[in-house]
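Hi there,

Here is the structure I promised to pass on to you. Have a look at it first, and then read my notes below.

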Amino acid sequence: MKASARAVVIGGGVVGASVLYHLARIGWTDVLLLEKSELTSGSTWHAAGGMHTFNGDANISRLQKYTIDLYREIEALSGQSCGLHPNGGLMLAATGGELDSLRLICSRARYLGMETEMISLEQALELNPLIDASHFIGALWRADGGHCDPSGTTNAYVKAARKLGASVERFTRVLALTPRRDRSWDVLTDKGTVHAEHVVNCAGLWAREVGHMVGIELPVLAMEHHYLLTEDLPELRGREREIVNTTDYAGEIYMRQERGGALIGTYEPHGVIWSPVATPDDFAMQLLPEDFERLAPYFEVGFKHFPALGRVGIRKAVNGPFTFAPDGNPLVGPVRGAPNYWVACAVMAGFSQGGGIGLVLSRWMAESDPGQDILSMDVARFGAFATPKYTSIKVPENYSRRFRLAYPNEELAAARPVRRSPIYDRLKDAGAVMGANFALENALWFAPEGMAPKETPTYRRSEAFPVVRAECQAVRSAVGLYETTNYGKYEVTGRGARAWLDRVFACRIPAPGRLALAPMLSPAGRIVGDLSMACLAEERYLIVGSGFAEEFHLRWFFAQEPPADVAVRSVAATLCGFSVAGPNSRALVQRLVHIDLSAAAFKFFQVKETPVGFAPAVLTRAGFTGELGYEIWTTPDYFATLYDDLLEAGEGLGLKHFGGRALSSLRLEKGYGSFNKDFRPDYTPGETGLDRFVDFTKSHFTGRDAALAERAAGPKRRFVILEVEALDADVVGYESIMKDGAAVGYATSGAFGHCVGRSLAAGYVPRALAREGARFEIDILGEIRPATVRLEPLYDPQGLRLRS
C-alpha cells in the first residue's frame, strides 16, 4: 500500500468509486480508495439498481441526467459492462394532487431538456401491461431512466479510475484520522498509515463513524428497506422490450422487470431504523431478516395495483440497510472546522446520483468550486440542530414519504418544534401557522379568529389565500409586524474587519451608521450570498442574510481565512428581530424611541444602536416589503418585552401581524429577488441585477475578474418579473418559460400580488428577450398561461413610499 496520496477516498461503494473516477479524470491521478471489505459490500451490492432523473430540485435532476449518460462513457473506458436497461420511467397518479405534481415535473422537464410527456392510462398500459388502470387517473413518462447492475457499475467506475492512474486497496480498514498542522491528514489503517492532502468520507453505512473520527456528527441514519423478486410472469412472455420502471405514488410502490419476473419495493410508514447508535464493524455482504408480517399490508397494495404480481410466487426477498439524511437528499461537500475533509454520504439513490456527486465533488476539491448550484445536497444545509435525536425522527419521516407528495404549502410535523424564539407561544396564540427554517419556527400566516390555524396541502391556492391578502393590504395601508429572528446573522469585529470584508464582499463597505446591500461572489463570479451589512462602528459589523444558509455562509467566511485581528461569529441565537413595515411604521416606532425618525433625520439605510422601548437594540431603516419600514434587533432576554411594547405602540395605527407568505407577495410586487429561491450559486451579478451593488472600482474582491469579464461581455440571461394570466394556481418554481412553443427560461419563484391584483412570477430569460412587455408563456400545472415581462416594479416603481 502506498504511503501517501493526494486524496484518500474511504468507502468502496458506488459513490466512493465515482468520486475516485472523477478525481482521476480531473487530473488527480495520485488518489487512493480504501475499502474495509470487498467493493460494494455495504449497501451497494443489494441495491435494486434503479436510475432516474426525478427530483424536486431541478439542479439535482440535472446531475441525475449526467449520471445516467455517464455510464456509456465508463463502460467504454473500462471495458466493464454496467448492465444497463435504459427503459425509461413511468409515474402514476391516483389523485388530483398527484396529477398536479406530475404536471409540474413535466413543465420543469421542458427547460431541462429531458424528454418527458404526460400520457393517457392507455399509453401507460402499453409501457407496463401489469398496471390495473382503475386505480389511477393519469401518468407521466420520461425517456431517461431504467436500471443497471450495481456490481458491474461500481467496478466500471473503479476499472476506469485505475486506467487513469488511481489506486484501490480492498480489505483495508481505516482506524483513525489525524490532522496535521498543514491541513493534511494521517490516515491510520490496519495495514499502515497513509499521508493524504485530502480525505473523502464515502463510507456509506459507516459515514457516521468516519465522521466521529474527526469529531463531527453527520445527520445520517440507515433504514431497513425491503423489495421482492417474483417468479416469472406470463404477461411478460414474448415482449420485445422490458416494461418501463414504474412508480406508484398512491401505493408508495416502485416496480420494474427483473428477467422474466418483477421487482417490487415499498417505502412503508413506520419504517425500522437499523443500527441507530453504531454500525457493526463486521457487517459486509449481509442482508437483514425478512419482516413479511409487518410489510404484508403495504405489498398487498402493490399486488392490488399490479394484480399479476399477486398471482405468482415470490422468488426472493431482500431486506438491506440504506442510509438517509433527514430530508432525503445526499450530504456533499467540505465540513467547517475540518479542512480538507469532504463528505459524500447519505446517497440513497446512488445509481441515479453517484456520477453527479463525483463530478461536483471533484471540481470542488480541485477548483474550490463545485461548478454549479448544489445547495440542496450541500452538507452545510444542516446546522447544530441536526442532532442524533433530530436525525432519528426526521429520517423515518422522510423514508415513509419517499413516494408521497411534498406540496409547496405543506409543512412536515416530525421533530418540531425544535428551535423556538421567545415569542413562539405568543405568535401561536395570535393564530400563527408555522413553518421551520433551519429548524427555527417562523410564522407563515396568521389565521384570524374563528379559523383553524392549518392549511390543506395543495399545488393550487388554498384557504390561506384571502388571509394572506388581508395581511398584505394591512402592510400597504397601515402597518405590519413580522418576526425576523429566522434570518441568518453574523458579527464581524476587529481592527482588520473592514479590510477583510472589503476583500470578501463585492459591495462598497458602508460607513459607520450606514447599511449596504452586500452581494458575495465565488471566484467564478457566481452569487454565494445576497446579504445586508450594517456598520455599527469602524471595527464592528452586523451582517444579515438567509436563515437557511447560516452554516453555508459561516463555512464560506472561514474559508476566506479571517486574519488574527478579525473575529467572525454567528449571532443567530443571540439576536432576535422584528420588521415593522407600512406607512404608519414611523409613527409606531417613534413612540418607542427618543431619536428623531423623521425622513431627514433618520434616512433610508441608516442604522443606529438605541433603546426601543425597554430593549437595547440595533435599529435600521430597511425592509423587504417595499414600504417605509424598520428592522429592530435585540437580545432574546428583551425580545418578549419588545413585542409587548410594539403591540402597545401599534394601538390606533392598524397594526397587524404578517408572515412569510405575505412577505413573498410583497417582495415580488417590488421586483425583489430572494437568495435560495431566485439568487443561487448558478447565477451571476449581471444576470440577477445585483451588479448594481457591486463596487467595480475596488482593486480586489473575490470574484472580481469574473464579474468584470461579465460586465464587458454582458450577461447571457436576465432576472425578470412576469405578470402571469394565471387561473387558480401560481408559479411554484422551475416551471418552464416558453417563447413560440420552445422553452427559453424558467421560473424561480411565484406568488399572487395581492396589492396589484395579479399573479407574479420571477425567473430568468435570455438577455435579448428581457424587454418590457415581452410576451411569454408559462406551463403551470399543464395549463399554458400567458406571461408578460415587467421591468419596472408593479408597486411604487419610483420607490417613493420606501424612502418617504
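Please keep in mind that this is a predicted model. I'll begin with helix α1 and its two partners.

**α1 with α5**

Two packed helices are described by the angle between their axes and the distance between the axes. Helix α1 covers residues 14-25 and helix α5 covers residues 150-163; their axes are 8 Å apart, at an angle of about 25 degrees. Angles under 35 degrees count as roughly parallel, and therefore α1 and α5 are described as roughly parallel to each other. Their crossing is left-handed.

If you'd like to find the contact on your screen, look in α1 for V14, A17, S18, L20, Y21, H22 and A24, which meet T154, Y157, V158, A160 and A161 in α5. Sorted by type, the residues of this contact are 9 nonpolar and 3 polar, with no charged ones.

**α1 with α9**

Helix α9, residues 350-367, also packs against α1: the two axes come within 8 Å and cross at roughly 40 degrees. That angle makes α1 oblique to α9. This crossing is right-handed.

On the α1 side, the residues in the contact are V14, V15, S18, V19, H22, L23 and R25. They meet G350, F351, G354, G355, I357, G358, L359, L361, S362 and M365 in α9. The residues of the contact between α1 and α9 divide into 9 nonpolar, 7 polar and 1 charged.

**Helix α3**

Helix α3 has 17 residues, 96-112, and at 1.5 Å a residue it should span 24 Å; its end C-alpha atoms are 25 Å apart, so the two values agree. Most of α3 is covered, with 13 of its 17 residues buried.

**A lysine in a loop**

Is K698 buried or exposed? You will find K698 in the loop between α18 (685-688) and α19 (704-713). Its relative accessibility is 7%, and buried means under 20%, so K698 counts as buried. What is K698 in contact with, leaving aside its neighbours within four places in sequence? The residues are D502, F505, A506, C507 and R704.

I hope you enjoy exploring it!

Best wishes

Definitions and conventions:
Residues numbered from 1 in each chain as written. Predicted model: local features only at pLDDT ≥ 70, side-chain atom pairs only at ≥ 80, totals over all residues. Heavy atoms only, no water. Axes fitted to C-alpha atoms, helices over the stretch in contact; angles between N-to-C directions. Helix = DSSP H or I, 4+ residues; strand = E, 2+ residues; numbered from the N terminus. Parallel < 35°, antiparallel > 145°, perpendicular 65-115°, else oblique. Left-handed = near helix turned anticlockwise from the far one by under 90°. Contact = heavy atoms within 4.5 Å. Nonpolar A, V, L, I, M, F, W, Y, C, P; charged D, E, K, R; others polar. Expected span 1.5 Å × (residues − 1). Buried < 20%, exposed > 50% of the residue type's maximum accessible area, 1.4 Å probe, protein only.
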